Amino acid sequence: MVEAIFARMEEGASAMHARALRGFDSKLICGFIGLMMLGVVMSFAAGPVAGARIGISSPFYFTERHVLFLFVAAMVMAGVAALSPVMARRLGLLTALGSFVLIIATLLIGPEIKGATRWLSLGAFSLQPSEFLKPGFVIAAAWFLSAKRADGFPGGVASLLLYGFASVLLLLQPDYGQWLLLTGIWAVMFFVAGWSWAWIGGLGSAAVGALGIGYATQAHVKARIDRFFAPGSGETYQTDKAAEAISSGGVFGHDLHEAPGVKASLPDAHTDFVYAVAIEEFGLLIGLIIIGLFGLIAWRSFTAALTTDDVFKRCAIAGLATAFCLQAFINMGVNVGLLPAKGMTLPFISYGGSSLLASGLAAGLLLSLTRKPRS
């Protein structure tokens, strides 16, 4: 009798679990969960040495905060994923509006750190609004682009104005890295929406021109680009240490019984250069697994985008996937020396409250929009 009751309870739980996951892309969920799990592992590997470098007494200060933010991000992802596409669109639009307001507030009252104004101080927590701008911008731009064929509504022009406004705010901070990422996202969405190559070519020319202005007027932009093309022209300590960490990891990683290794002397080991730490600790294999997880997210997302007839969903899914994977490409490219140094996190793996929460929001939006309708 008791065994029969437990058997029925187990069957009921399995049925509820199946109904809860019905329609979701299980491979996409596995990709996000895989990145989150690696993020926890890397917080133990990179957090203690990062804390020691800046004099934090608790060795697990960054680890504990990473796990806390990651838990909240997972809850955000699950909650947003459960929304209908209409509700997800409304949430994205509100996120875009809120991000614009907060970035303006940052420019007015935010502290200047290393020549840039990108953070809002909220007591014990610092917020970087530009992280939330990306998913919000994607949803708003997709909404405009999906309406471009409606009579009397210039959706393409509206999305261009939205991109222009967002660009101005990012360049005023200044944050050329986030602006270039936003430009890549918008170009992909514009292409997916079916606009001509002439528009995309014009956008590319404008981006190159703006980058040239940044090179001519912003000392830190010029220094980073110069150091990339001529390493002897300036300080390359971070990138040199990242390359040393990657090369020392080999195929199987750092011997755990030895000293901490290169990561102990690598600045931003838990944030911008966590990919280099991962390879040093666990070898080339972990680097390939991370690339594979982002590749899985790109594959499942773009497959869903190209198989839907809904223009809004197509643009939004493509934009969100580009935001995830292009940001990861930039982070890993900097770590391995393929791109100029740029402070950009690796989604779900790098430490950073704003980055983790924004990644959870973007992942939830992707899961909501790629979910198949119940029959």
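1. Starting with the fold's contacts: of those in the protein chain between residues at least 6 apart in sequence, 72% join residues at least 24 apart (a contact being heavy atoms within 4.5 Å). Keep in mind that this is a predicted model, where local features need pLDDT of at least 70, side-chain atom pairs count only at pLDDT 80 or more, and totals for chains, interfaces and linings use all residues. Residues are numbered from 1 along each chain as its sequence is written, and side-chain values use heavy atoms, with hydrogens and water left out.

2. On secondary structure, the protein chain has 14 helices and 2 strands. These are DSSP runs numbered from the N terminus, with helices being H or I of at least four residues and strands E of at least two.

3. As for burial, 48% of the 375 residues count as buried. Buried means under 20% relative accessible area, exposed over 50%, and partly exposed in between, with a 1.4 Å probe and protein chains only. The accessible surface is about 17,800 Å², and carbon and sulfur atoms own 69% of that (Shrake-Rupley method, 1.4 Å probe; for residues, only the protein chains shown count as cover).

4. The aromatics are worth a look: there are 11 aromatic pairs. Rings of Phe, Tyr and Trp (its six-membered ring) pair if their centres lie within 6.5 Å; planes under 30 degrees apart are stacked, over 60 edge-to-face, and the rest tilted. One of the pairs is Phe324 with Phe348, tilted, at 5.9 Å centre to centre and 35° between the planes. Phe324 sits in helix α13 (residues 311–335) and Phe348 in the loop between α13 and α14 (353–370), so this pair ties together parts 24 residues apart in sequence. Phe324 is buried at 3% relative accessibility, and Phe348 is buried too, at 0%.

5. Asp268 is in the loop between α10 (237–249) and α11 (274–282) and is partly exposed, at 30% relative accessible area.

6. There is a cis peptide bond from Gln173 to Pro174, with omega near -15°. Pro174 is in the loop between α6 (155–172) and α7 (176–192).

7. Two arginines to inspect: Arg89 lies over the face of Phe312, 5.8 Å from the ring centre, and the charged end of Arg300 sits over the Trp299 ring, 4.8 Å from its centre. The criterion is NZ of Lys or CZ of Arg within 6 Å of the ring centre and within 35 degrees of the ring normal.
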